[in-house]
Amino acid sequence: MQRLKTAMIEKATALLTSGEVSKVLGWKKGELGFDVEPAVFTSVDSLVDFTYDAFCGANLSKYLVEESKKEGKILVFLKPCDSYSFNQLIKEHRIKKENVYTVGIECQGKVDPYKLKENGIEFVTDASETVDTVTVNGKEFKKEEIILGKCLTCTKKLLSYDDVISFNEKREPSLDRFEMVKKLEAMTADERYAFWKDQLSNCIRCNACRNVCPACTCTKCVFDNDNSGIASKANSDSFEEKMFHIIRAFHVAGRCTDCGECSRVCPQHIPLHLLNRKFISDIDRLYGEYQAGEDTESKGPLTNYTTGDVDPSDVFGGK
Amino acid sequence: MKKIALSNIDLLYKEIAGAQELYLPVKVAGATNFKKFEDGVEVDIKSLQTVKSAKDLFFPQSEDMMEFKTSGKSIEVIDARKKAEPFVLFGVRGCDLKSFEVLDKVFLAEPVDTMYQAKREAVTVVTLACNNPETSCFCKVFGVDASNPKGDVQATIVSDEMHFEALTEKGEKLLSSLKCLEDCEGKGVEEEKAQIKEKIDALPFVNLDLTNFKGENLMELFNRPEWEELSKACLGCGTCTFVCPTCQCFDIRDFQTNAGVKRFRCWDSCMYSEFTKMAAENPRKNQMQRYRQRFMHKLCYFPSNNDGEYGCVGCGRCVKKCPQSLNIVKVIKKLGGNK
């Protein structure tokens, strides 16, 4: 990881020095070791705070919606999962591609600070990693014990970039990403309702899931619009809370790249990504396998009509 | 003093809940929050911190105020405020108790907020000393002693027992009504407190320096260029404000139902773009301005208006919960430094 970080800093330094880019979007060191934050670096000197380590779980792509519209070219480091979001945003014309220099960086799963805490570590003094292990403060963990939920099932690969920094160290996923979806599908309707009722009863409607989501880039979200009549800051009953999440999942269906940020940021640890994965699994089944964000050109199954499209009767039976 | 073995603590919850409503940390779907005690709930008393703070009990996320019913040309106004029945709030940590003082300064100042006041008066607070403070805790910076949190009753866990000391008349009344407790000398309590203090002194953020944050420096702080960098990664979500025990901003809205109009108030967040929307314009146009507002309020405006009392209690929830790891500690370090 150290050599990757060194190579990234070298790249950023070279591009800033040559003037090819005027800004760098990456991650900045925190106060407790694991609390790295996304940051924009505007000078070689400021790169002293630049970091890339096992804690850089945040997806940087969405920041480019704003940053790429500003003056000057920006260098961005994209992990495999971030690059799918990036492609999808390019496809949706949300990012000005000509203002972005992309460097793909490899990733072998990022640490979940909550899992680290469950293992008694609240302050990271030193960390290193191999493809399958992370060593924090001298204690070695298997990746599957300690990485973010979104990383456990990751099969994403390095796509096309302006440049790639990789040492060809790829981690194989520990879990099938549809395992939990299948479990939920196997439940009775009442059991499934009880599952989501418990989970979503914790929602505090902070909108972190929406605001972090690279598929949620409406300039003005309908739920923030006073004139929409549904600017719901409070719910009239507990069912409304569920509706918010269900509607959001519908809204991003076919565009969600399964980056997993919604579940990473939820302060109540609600597994929101499962709603999106259910849609992904249905789309795969009904339209053939499809991965949003794999390219920047193709039309998605839900935004493209073909005569071979699935009919409701194919799903529900009848005529 | 009184005590009970932790192995029997369910008896205590049941006895309290038999006489009045009891709210305490309950785990649902993996997340611990203050919830009403009922048979079968999973009480999570040992976990240091609930996700949402205890302010919910006095200042709920959403609360009905009044209803309007129209018939012909007349409008009937119906008081929708719920009557506050006496209740016990159990397992409040020192930081959250301190937050009640901060909220009191807002809601109990003239004109008194009667919805808040009713619930504040109805509560008996049982605090709990923090046996294992976390690295994200910095309550000491704001004058909180987590080993000695006060309240109506103060509880301390000493090995496998919980000890109770009544500190107010209300607390006295609660403790003396509970048959499942046994009298004790409070053996080991002082030693436990001393150990907690030692642990707190070793935490990484206890030396944050607040001296720079005062009214006289308002403009200087407001204009600091670092706000841009500090707020860069802010998503504009409401996580920090909603998990914060002292954030007290709310919105009042009308909800049209078939049966008339309901007026409710609900938490609002200065992180949201519409928060300052007014008829003429929205004076806070970008996230940096909103971000700056939140911390200036807590560290500068609030103390200026409240005899130096800060609008932060150092609970560390924002440190743990911000999706992008922004928090008040980074702000204080950048603009105030360490002692």
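## Two chains, one contact

Trainee: How many residues does the contact take from chain A and from chain B?
Mentor: This is a predicted model. The contact draws on both chains, with 32 residues from chain A and 37 residues from chain B.

Trainee: Which element gives the most to the side of chain A that touches chain B?
Mentor: Three elements of chain A give two or more residues to that side: helix 8 (189–200), helix 9 (208–212) and strand 2 (37–41). One of them gives four residues, the most. That is strand 2 of chain A.

Trainee: How do the residues of the side of chain A that touches chain B divide by class?
Mentor: Sort them into charged, polar and nonpolar. Eight are charged and 10 are polar. The nonpolar residues number 14.

Trainee: What is the place of R192(A), and which residues does R192(A) touch?
Mentor: R192(A) sits in helix 8 of chain A. R192(A) is partly exposed, because 14 other C-beta atoms lie within 10 Å, and the buried class needs 20 or more. Leaving out residues up to four places away in sequence, R192(A) touches L184(A) and M187(A).

Trainee: What separates the C-alpha atoms of R192(A) and V103(A)?
Mentor: Along the chain, R192(A) and V103(A) are 89 residues apart.

Trainee: What domains does the assignment give for chain A, and how far apart are their C-alpha centres?
Mentor: The domain assignment gives domain 1 (2–165) and domain 2 (179–307) of chain A. Their C-alpha centres lie apart by 25 Å.

Trainee: Which helix supplies the largest share of the side of domain 1 of chain A that touches domain 2 of chain A?
Mentor: In this contact, 17 residues of domain 1 of chain A meet 17 residues of domain 2 of chain A. On the domain 1 side, helix 3 (80–91) and helix 6 (149–152) of chain A each supply at least two residues. The largest share is eight residues, and the supplier is helix 3 of chain A.

Trainee: What does helix 1 of chain A reach, from its first C-alpha to its last?
Mentor: Helix 1 of chain A covers residues 2–18, which is 17 residues. At 1.5 Å a residue, 24 Å is expected. The helix comes close to that, reaching 24 Å.

Trainee: Why do the buried residues of helix 1 of chain A line one face?
Mentor: The buried residues are M8(A), A12(A), L15(A) and L16(A). Look down the axis of helix 1 of chain A: these buried residues line one face because they fall within an arc of 100 degrees.

Trainee: What covers the buried residues of helix 1 of chain A?
Mentor: The face turned away from the buried side carries exposed residues, including Q2(A), R3(A) and E10(A). Over the buried residues, the cover includes strand 1 (23–28), strand 2, strand 3 (50–51), strand 4 (74–78), strand 5 (100–105) and strand 9 (163–165) of chain A.

Trainee: Which residue takes a positive phi just after helix 1 of chain A?
Mentor: The phi is about 85 degrees. The residue is G19(A).

Trainee: What radius of gyration does chain A have?
Mentor: Chain A has 13 helices and nine strands. Its C-alpha trace spans about 65 × 45 × 40 Å along the principal axes. A compact globule of 319 residues would have a radius near 20 Å, and chain A agrees, with 20 Å.

Trainee: What radius of gyration does chain B have?
Mentor: Chain B has 11 helices and 13 strands. For its 339 residues the globule rule gives 20 Å, and chain B is close to that, so it is as compact as a globular protein of that length; its radius of gyration is 21 Å.

Trainee: How much of chain B counts as buried?
Mentor: The C-alpha trace of chain B spans about 65 × 65 × 40 Å along its principal axes. Of its 339 residues, the buried part is 42%.

Trainee: Is K285(B) buried or exposed?
Mentor: K285(B) lies in the loop between strand 13 (260–267) and helix 9 (287–305) of chain B. Around K285(B), 11 other C-beta atoms lie within 10 Å. The cut-off is 12 or fewer, so K285(B) is exposed.

Notes:
Residues numbered from 1 in each chain as written. Chains lettered and ligands numbered in written order. Predicted model: local features only at pLDDT ≥ 70, side-chain atom pairs only at ≥ 80, totals over all residues. Contact = placed C-beta atoms within 7 Å. Nonpolar A, V, L, I, M, F, W, Y, C, P; charged D, E, K, R; others polar. Expected span 1.5 Å × (residues − 1). Arc of directions from axis to C-beta. Domains from an automatic or database assignment. Rg over C-alpha atoms; globule rule 2.2 N^0.38 Å.
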